[in-house]
Amino acid sequence: MIDSDRRALARLAGARTRERASTDDLQGLLLQVVFALLMVFMIAYFIYATDMKREREEQVLDLNRQKLVLALEKTAGDRMVKYGLNALMVQGTDGRRTFDPDGHVSGGRISLAPAAREAFAAGSAAAFADYSDKASLAAAWREEVLAAAGLAENDISPGEGEWLAKEIDERAESLRLDVRGVQRALAARLQPALVASPESLGGATDPNAIAEAVKRKSLELVKEATGAEILP
């Protein structure tokens, strides 16, 4: 083979090599484009899936919260009956509970109707027992609320659990203050008669001692008249 033929073959081989290299480069570029598009799709799908999961979780949380709110209302209502508050207190259109002791005190004496007196006595005893152990009371409230809501402990999130504990504490304290308030409102209506009859106070003469004696004696009269355990 002469030199001119060798050079021709070399030129031909070089041209094919360059053509093959260009094709490989194009295929590599296309693979990079496809990979980039695939990554975009995967990222978009991941974001979509995450958003949908978050939306479903929020829907579940909202539903749980609605169930828990209704269950809290029911539990609070049941405990109002348990503590005898429904027999004496009136709930206004604004949701506030009020008690008027004037209708239950006459001539310096408590004059509760038999049914109201029985409900108040039993309710005060139940409240006295419940509030002597606040940890057990909170646990009982929680169990009652979850049962009323149709939920188990593992059905609610940690955040919901914390919210529920706070709500239970607030509502339980509100009922405690209601029981205590009714007892002391009745006692307050008895105090003018006690002040008018200082001999019933054990001979106290110091103003501060008289005030304490009046408070103590009036609560004793409430207990005697109703059989109610007095909350501290």
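Guide: The account below begins with the aromatic rings and then turns to the helices. The model is a predicted one. The count of aromatic pairs comes to one. It is formed by tyrosine 83 and tyrosine 131, whose ring centres are 6.0 Å apart and whose planes stand at 50 degrees; the pair is therefore tilted, since planes under 30 degrees apart would count as stacked and those over 60 as edge-to-face. The two partners come from distant parts of the chain, 48 residues apart. Tyrosine 83 belongs to the loop between helix 1 (3-82) and strand 1 (90-91), while tyrosine 131 belongs to the loop between helix 2 (114-130) and helix 3 (134-149). Both tyrosine 83 and tyrosine 131 are buried.

Helix 2 comprises 17 residues, and the distance from its first C-alpha to its last is 24 Å, close to the expected 24 Å at 1.5 Å a residue. Its buried residues are Ala116, Phe120, Ala121, Gly123, Ser124, Ala126, Ala127 and Asp130. In an α-helix there are 3.6 residues a turn, so residues three or four places apart point the same way.

A further aromatic contact involves a charge: arginine 65 lies over the face of tryptophan 163, 4.2 Å from the ring centre.

On the surface, Phe35, Leu38, Met39, Met42 and Ile43 make up a nonpolar patch with about 480 Å² of accessible area together. Of these residues, isoleucine 43 is placed in helix 1. Isoleucine 43 has a relative accessible area of 47% and is therefore partly exposed.

Terms used. Residues numbered from 1 in each chain as written. Predicted model: local features only at pLDDT ≥ 70, side-chain atom pairs only at ≥ 80, totals over all residues. Heavy atoms only, no water. Phe/Tyr/Trp six-rings, centres within 6.5 Å; stacked < 30°, edge-to-face > 60°. Helix = DSSP H or I, 4+ residues; strand = E, 2+ residues; numbered from the N terminus. Buried < 20%, exposed > 50% of the residue type's maximum accessible area, 1.4 Å probe, protein only. Lys NZ or Arg CZ within 6 Å of the ring centre and 35° of its normal. Patch = residues over 30% accessible without salt bridge, like charges linked within 9 Å, V, L, I, M, F, W, Y side chains within 5 Å. Areas by Shrake-Rupley, 256 points an atom, 1.4 Å probe, with all protein chains shown as cover. Salt bridge = Lys/Arg side-chain N within 4 Å of Asp/Glu carboxyl O. Expected span 1.5 Å × (residues − 1).
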